[in-house]
Amino acid sequence: METLFLKKGEERRLRAGHLWVFSNEVDVRRSPLSSFEPGQDVLVADAQGHVLGTAYVNPASLITARLVSREKRPLDAGLLRERLMQALSLRERLFDRPFYRLCHGEGDFLPGLVLDRHGDWLTAQITTAGMERHREDLAQILEDVLKPRGCVLANDIASRDLEGLPRREECLWGDLADVPPETGIEENGLKYRIPLTGGQKTGWFYDQRPNRAALAALAGGADVLDAFCYAGGFGALAAARGAKSVTFLDASASALEFARGNAAQAGLDNAEALKGDALTLLADLRREERRFDIVCLDPPAFIKRRKDAKQGLEAYRRVNELGLDLVRPGGLLMSCSCSHHLEASELLRLVARAAGRRGRHLRLLFQGFQGPDHPVHPSMPETAYLKTFLFQAD
């Protein structure tokens, strides 16, 4: 393997456990980036030549290299199998049914791979050129170990542009035309139908599992608004736990169909579905003087890049003020963010300021994070992206 040399002092973050090397940290005089191929295995060394580990590299990306080992061991079929078996062993300790995120990228020491298990079906995203090189190895390992019916690659994502990879939805093996449009999963004791193709991300958001349970435990007899609902994860579970009514709100017609179907599966046949821009619909509900016992806000990442921070914070402010206006006195507001650029403390301050402007008193009842099948790398704050707060609003 060739060696990627770092500038003096740029090894500190890696020695502390981080897995990424940025392009401005590379000593390009000793390691011209143009000399490397996308996905190539390299040794990473500090300015004195001390090897820090093995990585794969992409000279065209801001994240130039991603460590896969602290030893002189490249990502090959053997290491890929070893890491996947470790990830599987953890999930089988955590869950008694095969419905979970099986691999969470850097959290499972496999940068560039996200893999969800939906019973007999798998969905995945390969986000880096280095992992793309191991598609055949990945397919063989998954077939050998799990024997699934198939694996859908939801690779129509913007992050692949940064790696010079094409965007497309396809199968890891077999033909996409042979994949059924939906499948069944189970979470928190409730059966859901979710899309296998054409859905958001990998088809389901297992990261919210513990937060859905926390909210649903308080849903008995409540009127619930599930905003940005996707396939109805929060609202359907609330229905199963005795909610009196559920209103789903989303921009996607197909997502709302799944949401209403999942609510019916939970025993609520008359769930309301509102299609359109969430901020507009929330404002419409406020103008109509609609009020709910529980309002759940689970928007997409409004801050995807640091330069989006100002605009994103304004969106979070607006959506939380609107959500708070829809909560009856004594009711509950759940506010979520999946933007890793928005710290939990900032989201908490943002909601508190919204309450102050509205003259509402908040009690923080629960603070949630991503579920344990989305493990956080303790040296990489980028992997701790999901934050959730549950308030009572007087």
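This short talk covers the nonpolar cores and then the salt bridges of the structure shown above.

Please keep in mind that this is a predicted model, in which local features need pLDDT of at least 70 and side-chain atom pairs count only at pLDDT 80 or more, while totals for chains, interfaces and linings use all residues. Residues are numbered from 1 along each chain as its sequence is written, and side-chain values use heavy atoms, with hydrogens and water left out.

Let me begin with the cores. By a nonpolar core I mean a set of buried Ala, Val, Leu, Ile, Met, Phe, Trp, Tyr and Cys residues joined through side-chain atoms within 4.5 Å; buried stands for under 20% relative accessible area, exposed for over 50%, and partly exposed for what lies in between, with a 1.4 Å probe and protein chains only. The largest such core has 37 residues, and Tyr-192, Trp-204 and Phe-248 are those with the most contacts inside it. At least two residues of this core come from each of β12 (190-195), α6 (209-216), α7 (233-240), β14 (245-250), α8 (253-265), β16 (292-297) and β17 (327-337), where helices (H or I, at least four residues) and strands (E, at least two) are DSSP runs numbered from the N terminus. Apart from that core lies another, of 30 residues, which includes Leu-225, Ala-227, Ala-278 and Tyr-316.

Now to the charged side chains. The structure holds 33 salt bridges, a salt bridge being a side-chain nitrogen of Lys or Arg within 4 Å of a carboxyl oxygen of Asp or Glu.

What does the pair Arg-193 and Glu-182 tie together? These two side chains meet in a salt bridge at 3.1 Å, N to O, and because Arg-193 lies in strand β12 and Glu-182 in strand β11 (residues 182-187), the pair ties together parts that are 11 residues apart in sequence. Arg-193 is partly exposed, at 38% relative accessibility, and Glu-182 is partly exposed at 32%.

In a second pair, Glu-170 forms a salt bridge with Arg-168, with the closest N and O atoms 3.1 Å apart; here Glu-170 is buried at 14% relative accessible area, whereas Arg-168 is partly exposed at 40%.

Glu-321 is buried, at 4%, while Arg-317 is partly exposed, at 24%. Both belong to a network of salt bridges that also links Arg-286, Glu-314, Asp-325, Arg-357 and Arg-358.
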